[in-house]
Amino acid sequence: MLMLSMLLGGAVRAEVLRVVYPANEVPGDARFDDLIEILHTALERTTAEAGPFELRPSTLEMNEARYLSTLKQGQSINIAWSSTSIDKERDLLPLRIPLRKGLLGYRIALIAREQQARIDQIRTLDDLRRFSVGQGIGWGDVKLYQAAGIKVAQAGYDKLFRMLTLGRFDLFPRGLTEVYAEYALRAPDDPQLTVEKNLLLYYPWPYYFFFNHKDGALKQRVENGIRMMLRDGSFDALFWRYNGKAIEQANLKGRRVIALPNPMLPKETPLGEAGLWLDPTKEPP
C-alpha cells in the first residue's frame, strides 16, 4: 500500500517541463504570435504522453543574434525561431518543418513613397543590385543579400523604418505577414512610408524552431505535436488564420518576381515535401 501511494504521489508530482522562448526585441511586437501559438498547441497536444509544461518568454528582450547565441550556450532559453542556414544547423538542433510554409521567402518591400517610380525600373537581379536594402542586426537574410551582390544597411529593427524614409537605404523587404501590419502601425507617424506596389522578391527561406543540441527530447516532443497538427489540419488552419488576409492583399500573381539564390540553404531542407510549403498558385481555402 505504501509503495502504491508513493507511485501515485510521484505521478501527481510529475515534473513540469519549462519551455522558455525569447522575449520580443520590441515590447508589444506581434510578429511571432503565430509561432508561439504553434508551440503552445504542439506542447498541449503531447501533454497526455509527455506530461505538463509551462511556456513563457525570457525575462530579457533579445534580438535574433543574441537569442541564437544564448540558445547555443544553453542559457536562459531552450527554444528559438529563425531562418535556417548551414551554420545554424551545425550550431543548433533544427526542427525541419517550415513554420510559415516558406512564406517568409516571399518578400514585399516597404519604401519611401517618392521612390516608387525609381523602383519600377527593377526588372532583373542586376537591376536590383543598384539599390540597397535594410535589415536588422543579426538577421539571416543579411548574408543572402550580400551574397547576391546587394548592399545592406543594418540597424536595430525599430530604427529601420525611419532610416528608410530618410533615404539611408532604398528597400526594406518584409515577409507577407509583416509588411501590411507594419505599414498600418508606422504610417500614421511617418506619412512618407508606403508598401511597394509591383515587385516581389523570392528566395527559399524556411523558418524553423531551433534547440540546443542537449535538448533533443524537447525537440522531439515539439515535432510530435506539430506532426499531429499537420495530420488533423489544425496547422494549416492556423497558418491561414494568421496569413490568409496578407496573402490575398499581396496580389502575388500581379507582381514582377525577382528570384535570389540562397547559398546558405542546407541540403537536408525538405523541399520535396509539398504539403509543408505554400503553393502561391492556389487560392486560400
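## Basis of the model

This is a predicted model, in which local features need pLDDT of at least 70, side-chain atom pairs count only at pLDDT 80 or more, and totals for chains, interfaces and linings use all residues. Residues are numbered from 1 along each chain as its sequence is written, and side-chain values use heavy atoms, with hydrogens and water left out.

## Overall build

The protein has twelve helices and twelve strands. These are DSSP runs, numbered from the N terminus: helices are H or I with at least four residues, strands are E with at least two. The C-alpha trace spans about 80 × 40 × 40 Å along its principal axes.

Of the 285 residues, 54% count as buried. Buried means under 20% relative accessible area, with a 1.4 Å probe and protein chains only. Contact means heavy atoms within 4.5 Å. Among contacts between residues at least 6 apart in sequence, 80% join residues at least 24 apart.

## Surface and charge

The accessible surface comes to about 13800 Å², and 54% of this belongs to carbon and sulfur atoms. Areas come from the Shrake-Rupley method with a 1.4 Å probe.

There are 38 positive and 35 negative charges, and their mean positions are 2 Å apart. Lys and Arg count as positive, Asp and Glu as negative; His and the chain ends are not counted. Each charge is placed at NZ of Lys, CZ of Arg, CG of Asp or CD of Glu.

## Strand S5

Strand S5 covers residues 106-112. Seven of its seven residues are buried, so the strand is largely enclosed by the rest of the structure. Tyr106, Ile108, Leu110 and Ala112 point one way. Arg107, Ala109 and Ile111 point the other way.

Strands pair if DSSP finds at least two bridges between them. S5 runs antiparallel to S8 (residues 172-175), with four bridges. Here Leu110 stands opposite Phe172. Three bridges join S5 to antiparallel S9 (residues 193-195), where Ala112 faces Leu193. Two bridges link S5 to S10 (residues 199-202), also antiparallel. Tyr106 has Tyr202 as its bridge partner there.

## Residue Glu89

Glu89 lies in helix H5 (residues 86-91). Its relative accessibility is 11%, so Glu89 counts as buried. Leaving aside residues up to four places away in sequence, Glu89 touches Thr84, Pro94, Arg96, Tyr208, Phe210, Pro266 and Glu268.

Terms used:
Buried < 20%, exposed > 50% of the residue type's maximum accessible area, 1.4 Å probe, protein only.
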